[in-house]
Amino acid sequence: MAGKVIRYFAGGNTARGFYSLFDSNLEGLDRVYILKGGPGTGKSTLMKEIGAYWSEKNFSVEYLHCSSDPDSIDGVIFPELKLGIVDGTAPHIIEPNLPGAVEEYVNLGEAWDAKALTKQKETIQQLSIQVSQAFQDAYQTFAKALRVHDDWEKIYIESMDFDKANELTNQLIGTFYGSMTLNKQSDIRHRFLGAATPKGAVDFVPNLTAGINKRYFIKGRPGSGKSTMLKRIAAEGEARGFDLEIYHCGFDPNSLDMVIIRELGIAIFDSTAPHEYFPSRDGDEIIDMYETVIAPGTDEIFADQIKEVESKYKANMQKAIGFLADAKALRDELEAIYISTMDFEAINRQREKIQGEIQEIAAVK
């Protein structure tokens, strides 16, 4: 029997540059292996193999996917063992707080042929510069898209009934929490449910909400108060001592896309594009912000303006995704150079060493 597996992003390619939430998800772990080494040194493969092994042993596993290549992972966490393994290379450089006592560096660079890499120094340097530039172009274009999105939101914000929005939020808070307050400090985890990737928008909403009894699908337009509602629900949950998973927007990390309260079996999330879902099982419920808090006829009154701004937004988003795809293609070239110089038997020995240490930890749990 396999253990429970959840998948999310801890870093994102956003309108505010690369945005890391790794620290929130590594908090409280007793042991963290920080993998060092260039592209193509087998970091993701090593973590996937160890994750699969312990999942088959019926341990819960969290996979932290890579926003620059969602088929790869940037980390794996075993909550019951209070242990994690993470890729500690740029852009998510992770510095140890208690080196040796908690965190341990694992240098996979020891397995490459340095002389062979030296012969390709100029190519490596050029590709690295091009990769960096492609990411910067993506971030600048996402920032343009955000400015356009702000104009889109403004249309609906100016048509919003804020009293009704507050009333709806208060009703949900009452429904969720009632008069309950837990006598403990909340455990808060900040994550991304999805990300802008070279393949376009990718999310893990079905996986993250698979074991949730009650799911609320928030529908609405940009600027209709979805994120503000989620922030208030999260703040109330924290004040009452509930453990929360707070999922930020992969486009604008200052906004929220989902809050999960597993102690109550509740998930509430922004269910509009690019992570649009519809009720599919008992317990699913739609919350329509447009119908509830936006003045009737807003879509029709501002139809031409909305069409123009939506078109500009989508064009910028598509362009930014193209830059991420360029970065991925260039990084693949870079990885191929490193892969050709790697001694993967040495990597296997590193994996077995880590596995042995994890088994010792598991034996005393």
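**Strands, a pocket and a helix in the predicted model**

Strand S6 (69-78) runs antiparallel to strand S7 (residues 83-87), with 4 bridges joining the two; strands here are DSSP E runs of at least two residues, helices are H or I runs of at least four, both numbered from the N terminus, and a pair needs at least two DSSP bridges. The model is a predicted one, with local features needing pLDDT of at least 70 and side-chain atom pairs counting only at pLDDT 80 or more, while totals for chains, interfaces and linings use all residues. Residues are numbered from 1 along each chain as its sequence is written, and side-chain values use heavy atoms, with hydrogens and water left out.

S6 is largely enclosed by the rest of the structure, because 9 of its 10 residues are buried (under 20% relative accessible area with a 1.4 Å probe, protein chains only).

S6 also turns up in the lining of the second largest pocket, where it supplies at least two residues, as do helices H2 (43-56), H4 (121-157) and H10 (303-339). A pocket is an open set of points on a 1 Å grid over the protein atoms alone, with protein on both sides within 12 Å along at least five of seven lines, and lining residues have an atom within 4 Å of a point. The volume comes to about 800 Å³, taken as the space filled by probe spheres set on the points, which are joined across faces, edges and corners. Of the 38 lining residues, Pro 39, Asp 87, Ala 90, Arg 331 and Glu 335 lie nearest the centre.

Helix H11 (residues 344-363) reaches 28 Å from its first C-alpha to its last, close to the 28 Å expected for its 20 residues at 1.5 Å a residue (1.5 Å times one less than the number of residues). Its buried residues include Ala 346, Ile 347, Gln 350 and Arg 351. Among the elements covering the buried residues of H11 are S7 and H2, with contact meaning heavy atoms within 4.5 Å.

Conventions. 1 Å grid on protein atoms, 1.4 Å probe; cavity = no way out; pocket = protein on both sides within 12 Å on 5 of 7 lines; lining within 4 Å. Buried < 20%, exposed > 50% of the residue type's maximum accessible area, 1.4 Å probe, protein only.
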